[in-house]
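Here is a short report on a structure. It covers confidence, the chain contact and the sheets.

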Amino acid sequence: MKTGTRLLVVLLGVAAGAALIAYYIVSYLMVTPHAVAATVTGPRQARLTLQTVASFGHKPHQDWVSYLARDSHGTWHHTTVLKVPAHATVHVTIYQYDTATGLRNPFWGRPEGIIGDTMTVDGKPLRELDPDLASHTFAIPDLGVTVPLKGVPDNAKNQCSVAPCTLAQAHTTVTFAFRTGKRGKFRWQCFVPCAAGFILGFGGPMQTLGWMDGTLEVV
Amino acid sequence: MSAAAGPPAPRHGLRIVLIWAVLSAIAVPLVVLVLGPHLPPGSFSSEAADQKTANTVMTALLTPIVLLILVFFGYVVATFRQRGSAIEDGPPIRGHGGVQTTWLLATTGIVLALAVWGSYTLVQTAHGAGGGQGPSPTDLPKGHRQALPIQVIGQQWEWTFRYPSYGAFETRQLALPVDQLVAFHVTSLDVTHSFWAYRLGVKADAVPGVDNIAFVTAKHTGSFTVRCAELCGLWHGHMYRTGYVLSRGAFDAWAAQQRAADSANLHDLGPYRRTYYPEPLHRAG
């Protein structure tokens with residue numbers, strides 16, 4: 001084989017290898033769940049509806065705990081990428097279908113960063129949740145927002161095991177509102193070690209976008 | 001009949017040493033006097049200033065060594081460059097006892113001197129140099145019994161801070177008073193984190209079940225950034241906060257305001273402890 005041909009083969013091989021590596025890296029970095037936008041209900045007003053489920057009930061991780069988001073047509077989506085308008089008041093409703101795990105740090109039992117520092121749980125205003133009763137939290141640390149979510153009792157009847165859950169199943173309803181500022185992208189997460197079967201309860205769904213962590217895009 | 005005497009061979013070694021000595025005499029004072037004051041991490045705290053001094057000393061020591069290599073390399077490239085097309089073997093290289101002995105003695109001396117000086121600095125003058133010393137520090141600064149304790153709690157993925165001298169309130173904000181010895185008690189609720197307040201010159205691992213103590217005295221009011229320096233999961237890169245060094249009066253007012261804001265939560269926080277076990281675990285399988 002001539003030297004030029006050899007060189008060409010080597011160069012093509014290196015280029016193909018580099019392309020495959022680049023494709024793998026880009027594909028890995030670009031895999032993010034699709035976004036669900038909050039429903040705009042008026043000037044500088046929006047509504048965001050979420051639910052938490054103890055087990056997703058579908059592949060690829062049937063037993064993973066997860067958040068879901070509802071779009072303006074009422075359809076539930078398995079995503080944690082949320083879009084809300086800038087400089088607006090966002091009214092959040094979370095239907096909480098999981099039982100309590102308890103907070104590792106009781107500090108997160110106090111709602112913060114929301115209007116009036118008060119949430120409602122099943123219609124009753126609450127400024128503090130017993131840390132042992134928390135199932136999850138909805139927290140946007142960079143916006144100072146933390147809301148503990150009360151779990152359903154362990155012995156509750158008609159518990160949900162497959163998402164999306166319905167209002168006919170055992171749940172608690174948590175509502176609150178927070179104000180957004182300028183545009184930006186913020187992470188949000190759960191602070192409860194709720195990932196069953198993972199070390200310290202913080203693996204799997206707690207480390208994966210689309211399950212118990214997400215981004216809030218203020219647009 | 002003797003061979004005709006040519007021009008005397010230039011003394012390359014002497015030339016290299018002279019060039020190196022002149023450049024070093026210029027560069028070292030520049031490093032100490034001009035670059036030194038701008039070296040990290042600055043002088044925001046006593047510990048940071050000590051670290052800056054250490055960086056200045058080591059850079060000043062490093063400068064003549066780097067210059068020797070560069071001068072030698074440049075001189076050889078310029079002087080012994082092969083001209084023309086002929087490629088010939090150079091003269092054989094043989095060992096030189098004097099050079100080898102000098103090199104060994106000089107490098108050994110430098111390393112040992114740095115070790116002695118570094119140990120002295122660590123133990124006597126910087127009381128831990130801003131690093132975590134574990135639960136039983138041996139290098140205790142003067143007045144350590146009056147140090148203001150601030151507990152740093154790492155958790156996936158946020159820092160919180162407890163102030164046991166002020167009712168043990170907990171907050172996401174970090175503030176400390178200026179000119180006050182502070183004892184950071186760094187711990188974790190889950191995996192290993194690392195509390196890194198760069199401008200303060202403080203870096204201490206946050207390990208579950210361990211009370212890792214680091215001392216610092218901030219010398220100026222202002223802000224500093226806190227980061228996690230230990231890869232700890234999905235949002236590791238988001239574990240940063242801005243901390244503040246306040247005047248004594250401003251700090252007391254801030255602490256009172258934080259304590260009042262946290263009052264409803266205090267009974268749930270439980271008593272202050274040096275470490276916390278990562279509970280609950282029952283969902284962890």
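Chain B has a mean pLDDT of 88, and 94% of its residues reach 70 or more. Here pLDDT is the predictor's confidence in each residue, from 0 to 100. Within chain B, helix H5 (residues 263–269) has the lowest confidence, at a mean of 80, while strand E4 (residues 174–177) of chain B has the highest, at 97. Helices (H or I, at least four residues) and strands (E, at least two) are DSSP runs, numbered from the N terminus. Over residues 281–285 of chain B the pLDDT falls below 50. This stretch still has 14 contacts in the model beyond near neighbours in sequence. A contact here requires that the C-beta atoms of two residues, placed from the backbone, lie within 7 Å.

The model is predicted: local features need pLDDT of at least 70, and side-chain atom pairs count only at pLDDT 80 or more, whereas totals for chains, interfaces and linings use all residues. Residues are numbered from 1 along each chain as its sequence is written, with chains lettered from A and ligands numbered from 1 in the order in which they are written. For the complex, the predictor gives an ipTM of 0.85 and a pTM of 0.84.

Chain B brings 25 residues to the contact, and chain A brings 25 residues. On the side of chain B that touches chain A, strand E2 (158–163) and H5 of chain B are the elements that give two or more residues. H5(B) gives the most to this side, with 4 residues. The residues of this side of chain B divide into 11 nonpolar, 8 polar and 6 charged. Ala, Val, Leu, Ile, Met, Phe, Trp, Tyr, Cys and Pro count as nonpolar, Asp, Glu, Lys and Arg as charged, and the others, Gly among them, as polar.

Strands pair if DSSP finds at least two bridges between them. Axes are lines fitted to C-alpha atoms, for helices over the stretch in contact, and angles run from 0 to 180 degrees between N-to-C directions.

| Strand order (chain B) | Strands and pairing |
|---|---|
| E4-E10-E9-E6-E7 | 5 strands, open, mixed |
| E3-E2-E1-E5-E8 | 5 strands, open, mixed |

In the sheet E4-E10-E9-E6-E7 of chain B, E4 and strand E7 (202–206) stand at the edges with a single partner strand each, so one side of each has no neighbour in the sheet. Neighbouring strands of this sheet are turned by 20° against each other on average, direction ignored. E4(B) pairs with strand E10 (residues 241–246) of chain B in the parallel sense over 4 bridges. Ala175(B) stands opposite Tyr244(B) in E10(B). Helix H4 (residues 248–261) of chain B lies across E4 and E10 of chain B, at about 140° to E4(B).

In the sheet E3-E2-E1-E5-E8 of chain B, the edges are strand E3 (169–171) and strand E8 (212–217), each with a single partner strand. Neighbouring strands of this sheet are turned by 25° against each other on average, direction ignored. Strand E1 (residues 148–155) and strand E5 (residues 181–188) of chain B run parallel, joined by 7 bridges. Ile150(B) stands opposite Phe184(B) in E5(B).
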